[in-house]
Amino acid sequence: MVDLSIIVPTKNEEHAPSLIRELRRHFGSKAEIIIVDKSESAMRKELEATGERVMVQESVGYGNALMDGFRAASGKMLATIDADGTYTVKDLARVIAELEHGGIDFVSGDRSKSAATMPVHIRLGNRFLTSLFNLLYHKKMHDVLSGVFAMKAGAFDSIRNSELYRYGAGTIFFEIELSRSGRTMKDIPVSYGERQGSKPKIKIKPIHGFMIAYNAVRNARDYNPLLIFGAIGLVLFLIGLVQGAFVLAGYAQSGTLSDPGRALLSLLLLIGGVLFIIAALILDLLLAIERKLYRERK
Ligand SMILES: Nc1nc2c(ncn2[C@@H]2O[C@H](COP(=O)(O)OP(=O)(O)OP(=O)(O)O)[C@@H](O)[C@H]2O)c(=O)[nH]1
Ligand SMILES: [Mg+2]
(Lines give C-alpha, C1' and ligand atoms only; values in the text may rest on other atoms or scores of the structure.)
(Ligands and ions follow the chains in the order given, each with its own letter.)
Protein backbone atom coordinates (compact mmCIF):
# COMPACT_ATOMS: atom_id res chain seq x y z
CA MET A 1 0.00 0.00 0.00
CA VAL A 2 1.46 3.37 -0.99
CA ASP A 3 1.11 6.37 1.28
CA LEU A 4 -0.64 8.53 -1.22
CA SER A 5 -2.73 8.22 -4.39
CA ILE A 6 -3.21 11.29 -6.55
CA ILE A 7 -6.09 11.19 -8.99
CA VAL A 8 -5.82 13.59 -11.92
CA PRO A 9 -9.00 13.95 -14.00
CA THR A 10 -8.24 15.04 -17.56
CA LYS A 11 -10.31 15.88 -20.60
CA ASN A 12 -8.20 17.25 -23.47
CA GLU A 13 -6.18 19.24 -20.97
CA GLU A 14 -3.03 20.57 -22.66
CA HIS A 15 -1.41 21.47 -19.36
CA ALA A 16 -1.88 17.97 -17.88
CA PRO A 17 1.43 16.30 -18.94
CA SER A 18 3.54 19.06 -17.40
CA LEU A 19 1.45 19.03 -14.20
CA ILE A 20 1.82 15.25 -13.95
CA ARG A 21 5.60 15.43 -14.32
CA GLU A 22 5.69 18.10 -11.64
CA LEU A 23 3.59 15.90 -9.32
CA ARG A 24 6.03 13.04 -9.75
CA ARG A 25 9.04 15.30 -9.10
CA HIS A 26 7.40 16.69 -5.99
CA PHE A 27 6.00 13.54 -4.38
CA GLY A 28 8.57 10.98 -5.61
CA SER A 29 8.03 7.27 -5.17
CA LYS A 30 5.77 7.50 -2.10
CA ALA A 31 2.85 8.43 -4.34
CA GLU A 32 0.89 6.64 -7.01
CA ILE A 33 -0.51 8.87 -9.73
CA ILE A 34 -3.66 7.79 -11.54
CA ILE A 35 -4.77 9.81 -14.54
CA VAL A 36 -8.46 9.29 -15.28
CA ASP A 37 -8.74 10.37 -18.85
CA LYS A 38 -11.52 11.29 -21.22
CA SER A 39 -9.33 12.82 -23.96
CA GLU A 40 -9.01 12.27 -27.67
CA SER A 41 -6.26 9.90 -28.79
CA ALA A 42 -3.43 12.40 -29.49
CA MET A 43 -3.76 13.82 -25.99
CA ARG A 44 -4.06 10.31 -24.51
CA LYS A 45 -0.69 9.41 -26.06
CA GLU A 46 0.93 12.46 -24.48
CA LEU A 47 -0.44 11.40 -21.10
CA GLU A 48 0.80 7.83 -21.54
CA ALA A 49 4.24 9.20 -22.40
CA THR A 50 4.54 10.48 -18.82
CA GLY A 51 4.94 6.84 -17.77
CA GLU A 52 2.13 7.14 -15.20
CA ARG A 53 -0.96 4.97 -14.99
CA VAL A 54 -3.68 6.17 -17.36
CA MET A 55 -7.22 4.88 -16.77
CA VAL A 56 -9.50 5.41 -19.74
CA GLN A 57 -12.74 6.78 -18.33
CA GLU A 58 -15.77 4.76 -19.44
CA SER A 59 -18.19 6.73 -17.27
CA VAL A 60 -19.24 10.34 -17.86
CA GLY A 61 -18.28 13.60 -16.13
CA TYR A 62 -15.83 14.99 -13.59
CA GLY A 63 -17.49 13.45 -10.51
CA ASN A 64 -17.48 9.96 -12.02
CA ALA A 65 -13.86 10.40 -13.13
CA LEU A 66 -12.91 11.04 -9.49
CA MET A 67 -15.06 8.16 -8.23
CA ASP A 68 -13.45 5.76 -10.74
CA GLY A 69 -9.96 6.91 -9.76
CA PHE A 70 -10.54 6.74 -5.99
CA ARG A 71 -12.06 3.25 -6.30
CA ALA A 72 -8.95 2.06 -8.17
CA ALA A 73 -6.49 3.72 -5.78
CA SER A 74 -4.46 1.88 -3.17
CA GLY A 75 -3.03 4.73 -1.07
CA LYS A 76 -3.70 5.42 2.61
CA MET A 77 -4.54 8.96 1.57
CA LEU A 78 -6.45 9.83 -1.60
CA ALA A 79 -6.01 13.22 -3.23
CA THR A 80 -6.97 15.02 -6.40
CA ILE A 81 -5.95 18.13 -8.32
CA ASP A 82 -7.41 19.65 -11.49
CA ALA A 83 -5.05 19.39 -14.44
CA ASP A 84 -5.60 22.88 -15.85
CA GLY A 85 -2.94 24.65 -13.79
CA THR A 86 -5.37 26.64 -11.66
CA TYR A 87 -4.05 25.01 -8.47
CA THR A 88 -0.39 24.64 -7.51
CA VAL A 89 1.32 21.40 -6.57
CA LYS A 90 2.63 23.17 -3.48
CA ASP A 91 -0.91 23.85 -2.31
CA LEU A 92 -1.87 20.23 -2.95
CA ALA A 93 1.09 19.23 -0.75
CA ARG A 94 -0.14 21.59 2.01
CA VAL A 95 -3.64 20.08 1.82
CA ILE A 96 -2.15 16.59 2.09
CA ALA A 97 0.09 17.62 5.02
CA GLU A 98 -2.97 18.98 6.83
CA LEU A 99 -4.78 15.69 6.24
CA GLU A 100 -1.80 13.70 7.46
CA HIS A 101 -1.24 15.66 10.67
CA GLY A 102 -4.52 17.41 11.42
CA GLY A 103 -6.58 14.41 12.61
CA ILE A 104 -9.29 15.20 10.05
CA ASP A 105 -10.88 12.92 7.44
CA PHE A 106 -11.17 15.36 4.52
CA VAL A 107 -9.22 18.53 3.69
CA SER A 108 -9.74 20.75 0.67
CA GLY A 109 -8.35 23.96 -0.79
CA ASP A 110 -10.32 27.13 -0.09
CA ARG A 111 -10.18 29.63 -2.97
CA SER A 112 -12.39 32.26 -1.37
CA LYS A 113 -9.51 34.57 -0.43
CA SER A 114 -7.74 34.30 -3.77
CA ALA A 115 -10.62 33.98 -6.16
CA ALA A 116 -9.76 37.02 -8.25
CA THR A 117 -9.81 34.89 -11.40
CA MET A 118 -13.28 33.51 -10.67
CA PRO A 119 -16.23 35.15 -12.46
CA VAL A 120 -18.49 37.06 -10.06
CA HIS A 121 -21.60 34.90 -10.62
CA ILE A 122 -19.62 31.72 -9.90
CA ARG A 123 -18.08 33.27 -6.81
CA LEU A 124 -21.49 34.31 -5.46
CA GLY A 125 -23.06 30.96 -6.32
CA ASN A 126 -20.19 29.20 -4.61
CA ARG A 127 -20.62 31.35 -1.51
CA PHE A 128 -24.36 30.59 -1.37
CA LEU A 129 -23.85 26.84 -1.80
CA THR A 130 -21.12 26.82 0.83
CA SER A 131 -23.37 28.62 3.36
CA LEU A 132 -26.23 26.22 2.60
CA PHE A 133 -23.92 23.23 3.02
CA ASN A 134 -22.59 24.56 6.35
CA LEU A 135 -26.10 25.17 7.64
CA LEU A 136 -27.42 21.75 6.68
CA TYR A 137 -24.42 19.69 7.71
CA HIS A 138 -23.07 21.72 10.65
CA LYS A 139 -19.70 22.41 9.05
CA LYS A 140 -17.40 25.41 8.76
CA MET A 141 -16.21 25.23 5.16
CA HIS A 142 -15.34 28.24 3.00
CA ASP A 143 -15.40 26.68 -0.46
CA VAL A 144 -17.30 23.47 -1.19
CA LEU A 145 -16.47 23.25 -4.91
CA SER A 146 -12.69 23.13 -4.82
CA GLY A 147 -10.69 21.20 -7.42
CA VAL A 148 -8.05 20.22 -4.91
CA PHE A 149 -8.80 17.96 -1.95
CA ALA A 150 -7.62 14.91 -0.07
CA MET A 151 -9.21 12.34 2.23
CA LYS A 152 -8.23 9.31 4.28
CA ALA A 153 -8.75 6.00 2.49
CA GLY A 154 -10.84 4.82 5.46
CA ALA A 155 -13.16 7.77 5.02
CA PHE A 156 -13.56 7.04 1.32
CA ASP A 157 -14.32 3.40 2.15
CA SER A 158 -17.45 4.54 3.97
CA ILE A 159 -18.77 6.17 0.78
CA ARG A 160 -17.15 3.91 -1.82
CA ASN A 161 -20.53 2.47 -2.84
CA SER A 162 -22.43 5.75 -2.80
CA GLU A 163 -24.08 6.51 -6.07
CA LEU A 164 -22.95 9.80 -7.63
CA TYR A 165 -25.78 12.34 -7.75
CA ARG A 166 -27.18 12.63 -11.21
CA TYR A 167 -26.68 16.35 -11.83
CA GLY A 168 -24.41 19.07 -10.51
CA ALA A 169 -22.25 16.65 -8.57
CA GLY A 170 -18.59 17.49 -8.12
CA THR A 171 -16.56 17.99 -4.98
CA ILE A 172 -19.67 18.69 -2.93
CA PHE A 173 -20.83 15.12 -3.53
CA PHE A 174 -17.87 13.91 -1.47
CA GLU A 175 -18.49 16.54 1.20
CA ILE A 176 -22.17 15.64 1.56
CA GLU A 177 -21.60 11.89 1.58
CA LEU A 178 -18.70 12.10 4.04
CA SER A 179 -20.77 14.36 6.32
CA ARG A 180 -23.59 11.85 6.25
CA SER A 181 -21.20 9.13 7.33
CA GLY A 182 -20.04 11.26 10.26
CA ARG A 183 -16.63 12.31 8.92
CA THR A 184 -14.79 15.52 9.80
CA MET A 185 -13.61 18.11 7.28
CA LYS A 186 -11.97 21.48 6.88
CA ASP A 187 -10.48 23.64 4.17
CA ILE A 188 -7.31 25.71 4.10
CA PRO A 189 -6.62 28.76 1.90
CA VAL A 190 -5.00 28.03 -1.47
CA SER A 191 -4.21 30.20 -4.46
CA TYR A 192 -6.33 29.99 -7.58
CA GLY A 193 -4.77 31.09 -10.87
CA GLU A 194 -5.73 31.48 -14.51
CA ARG A 195 -6.52 28.22 -16.28
CA GLN A 196 -3.70 27.10 -18.61
CA GLY A 197 -4.60 25.80 -22.05
CA SER A 198 -7.92 25.91 -23.86
CA LYS A 199 -11.43 26.51 -22.59
CA PRO A 200 -13.02 24.90 -19.51
CA LYS A 201 -14.08 21.26 -19.80
CA ILE A 202 -16.97 21.56 -17.37
CA LYS A 203 -19.67 23.82 -18.73
CA ILE A 204 -21.22 25.46 -15.71
CA LYS A 205 -24.85 26.45 -16.15
CA PRO A 206 -27.18 28.02 -13.56
CA ILE A 207 -29.11 24.72 -13.45
CA HIS A 208 -26.01 23.06 -11.96
CA GLY A 209 -26.15 25.47 -9.02
CA PHE A 210 -29.82 24.63 -8.44
CA MET A 211 -29.13 20.92 -8.68
CA ILE A 212 -26.27 21.18 -6.18
CA ALA A 213 -28.56 23.06 -3.78
CA TYR A 214 -31.31 20.47 -4.36
CA ASN A 215 -28.90 17.60 -3.67
CA ALA A 216 -27.62 19.31 -0.53
CA VAL A 217 -31.16 19.68 0.83
CA ARG A 218 -32.42 16.28 -0.34
CA ASN A 219 -29.55 14.45 1.29
CA ALA A 220 -29.83 16.46 4.48
CA ARG A 221 -33.35 15.13 5.04
CA ASP A 222 -32.01 12.09 6.83
CA TYR A 223 -29.06 14.01 8.27
CA ASN A 224 -30.73 17.09 9.63
CA PRO A 225 -34.52 16.49 9.65
CA LEU A 226 -35.03 18.93 12.51
CA LEU A 227 -33.88 21.82 10.33
CA ILE A 228 -35.66 20.76 7.13
CA PHE A 229 -39.02 19.56 8.49
CA GLY A 230 -38.90 21.99 11.40
CA ALA A 231 -38.48 24.91 8.98
CA ILE A 232 -41.36 23.70 6.80
CA GLY A 233 -43.52 23.28 9.91
CA LEU A 234 -42.65 26.72 11.16
CA VAL A 235 -43.47 28.36 7.82
CA LEU A 236 -46.85 26.58 7.63
CA PHE A 237 -47.61 27.53 11.24
CA LEU A 238 -46.71 31.19 10.67
CA ILE A 239 -48.86 31.42 7.52
CA GLY A 240 -51.67 29.80 9.52
CA LEU A 241 -51.26 32.40 12.27
CA VAL A 242 -51.45 35.29 9.79
CA GLN A 243 -54.55 33.82 8.16
CA GLY A 244 -56.05 33.23 11.61
CA ALA A 245 -55.38 36.85 12.59
CA PHE A 246 -57.38 38.05 9.57
CA VAL A 247 -60.26 35.76 10.51
CA LEU A 248 -60.25 36.96 14.11
CA ALA A 249 -60.03 40.61 13.05
CA GLY A 250 -63.05 40.10 10.76
CA TYR A 251 -64.93 38.40 13.58
CA ALA A 252 -64.14 41.25 16.00
CA GLN A 253 -65.44 43.78 13.48
CA SER A 254 -68.63 42.12 12.27
CA GLY A 255 -69.39 39.69 15.10
CA THR A 256 -69.83 36.85 12.56
CA LEU A 257 -67.48 34.39 10.87
CA SER A 258 -67.62 36.06 7.48
CA ASP A 259 -64.98 33.91 5.75
CA PRO A 260 -65.33 30.26 6.86
CA GLY A 261 -63.03 29.09 4.02
CA ARG A 262 -60.19 31.17 5.34
CA ALA A 263 -60.89 30.02 8.91
CA LEU A 264 -60.67 26.39 7.80
CA LEU A 265 -57.47 27.06 5.84
CA SER A 266 -55.91 28.75 8.84
CA LEU A 267 -56.82 25.80 11.06
CA LEU A 268 -55.37 23.29 8.60
CA LEU A 269 -52.13 25.27 8.28
CA LEU A 270 -51.76 25.50 12.05
CA ILE A 271 -52.40 21.76 12.50
CA GLY A 272 -50.12 20.92 9.53
CA GLY A 273 -47.36 23.11 10.93
CA VAL A 274 -47.55 21.47 14.35
CA LEU A 275 -47.54 17.99 12.78
CA PHE A 276 -44.43 18.82 10.73
CA ILE A 277 -42.66 20.07 13.84
CA ILE A 278 -43.64 16.94 15.81
CA ALA A 279 -42.43 14.76 12.88
CA ALA A 280 -39.15 16.70 12.83
CA LEU A 281 -38.63 16.12 16.55
CA ILE A 282 -39.38 12.39 16.26
CA LEU A 283 -37.08 11.96 13.25
CA ASP A 284 -34.35 13.86 15.05
CA LEU A 285 -34.72 11.60 18.08
CA LEU A 286 -34.61 8.46 15.93
CA LEU A 287 -31.53 9.76 14.17
CA ALA A 288 -29.82 10.49 17.49
CA ILE A 289 -30.57 6.93 18.64
CA GLU A 290 -29.30 5.50 15.35
CA ARG A 291 -26.08 7.51 15.59
CA LYS A 292 -25.55 6.38 19.18
CA LEU A 293 -26.03 2.72 18.23
CA TYR A 294 -23.68 3.21 15.26
CA ARG A 295 -20.99 4.67 17.52
CA GLU A 296 -21.36 1.84 20.03
CA ARG A 297 -21.07 -0.76 17.25
CA LYS A 298 -17.80 0.72 15.96
N1 LIG B 1 -11.81 12.46 -16.91
C2 LIG B 1 -12.53 13.59 -16.99
N3 LIG B 1 -11.99 14.77 -16.61
C4 LIG B 1 -12.75 15.88 -16.70
C5 LIG B 1 -14.08 15.87 -17.16
N6 LIG B 1 -14.57 17.13 -17.12
C7 LIG B 1 -13.56 17.91 -16.66
N8 LIG B 1 -12.47 17.16 -16.40
C9 LIG B 1 -11.18 17.59 -15.85
O10 LIG B 1 -11.47 18.03 -14.53
C11 LIG B 1 -10.71 19.17 -14.18
C12 LIG B 1 -11.64 20.33 -13.85
O13 LIG B 1 -12.34 20.74 -15.02
P14 LIG B 1 -12.41 22.28 -15.46
O15 LIG B 1 -12.91 22.32 -16.86
O16 LIG B 1 -11.13 22.95 -15.14
O17 LIG B 1 -13.58 22.81 -14.52
P18 LIG B 1 -13.59 24.12 -13.65
O19 LIG B 1 -12.34 24.18 -12.85
O20 LIG B 1 -14.89 24.12 -12.94
O21 LIG B 1 -13.58 25.29 -14.74
P22 LIG B 1 -12.52 26.50 -14.85
O23 LIG B 1 -12.61 27.25 -13.55
O24 LIG B 1 -12.97 27.31 -15.99
O25 LIG B 1 -11.19 25.90 -15.07
C26 LIG B 1 -9.80 19.43 -15.39
O27 LIG B 1 -8.56 18.79 -15.18
C28 LIG B 1 -10.55 18.78 -16.55
O29 LIG B 1 -9.69 18.38 -17.60
C30 LIG B 1 -14.63 14.59 -17.55
O31 LIG B 1 -15.78 14.46 -17.98
N32 LIG B 1 -13.81 13.50 -17.44
MG1 LIG C 1 -10.49 24.45 -13.75
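How many residues surround ligand 1, and which are the closest? Here's a set of close-ups of this predicted model, starting with that one.

Figure 1. Ligand 1 has 20 residues around it, and the closest are Pro 9, Ala 65, Ala 83, Pro 200 and Lys 201. Three elements, β1 (4–10), β2 (31–37) and α3 (62–72), each hand two or more residues to this shell.

**Figure 2. Helix α5 alongside helix α7.** Here α5 (residues 120–137) packs with α7 (residues 171–180), the two axes sitting 11 Å apart at an angle of about 10°. Angles under 35 degrees count as roughly parallel, so α5 gets that label relative to α7.

**Figure 3. Who touches whom between α5 and α7.** From α5 come Leu 129, Phe 133 and Tyr 137. Across from them, α7 brings Ile 172, Glu 175, Ile 176 and Ser 179. Sorted by class, this contact has 5 nonpolar residues, plus 1 polar and 1 charged.

**Figure 4. Zooming back out for context: the chain behind the close-ups.** The chain holds 10 helices and 7 strands. Its C-alpha trace spans about 90 × 45 × 35 Å along the principal axes. The radius of gyration is 24 Å, whereas a compact globule of 298 residues would come in near 19 Å. As for burial, 36% of the 298 residues count as buried. Among contacts with a separation of 6 or more, 75% come from residues 24 or more positions apart.

How values were computed:
Residues numbered from 1 in each chain as written. Chains lettered and ligands numbered in written order. Predicted model: local features only at pLDDT ≥ 70, side-chain atom pairs only at ≥ 80, totals over all residues. Helix = DSSP H or I, 4+ residues; strand = E, 2+ residues; numbered from the N terminus. Rg over C-alpha atoms; globule rule 2.2 N^0.38 Å. Buried ≥ 20, exposed ≤ 12 C-beta atoms within 10 Å, placed from the backbone. Contact = placed C-beta atoms within 7 Å. Near = placed C-beta within 6 Å. Axes fitted to C-alpha atoms, helices over the stretch in contact; angles between N-to-C directions. Parallel < 35°, antiparallel > 145°, perpendicular 65-115°, else oblique. Nonpolar A, V, L, I, M, F, W, Y, C, P; charged D, E, K, R; others polar.
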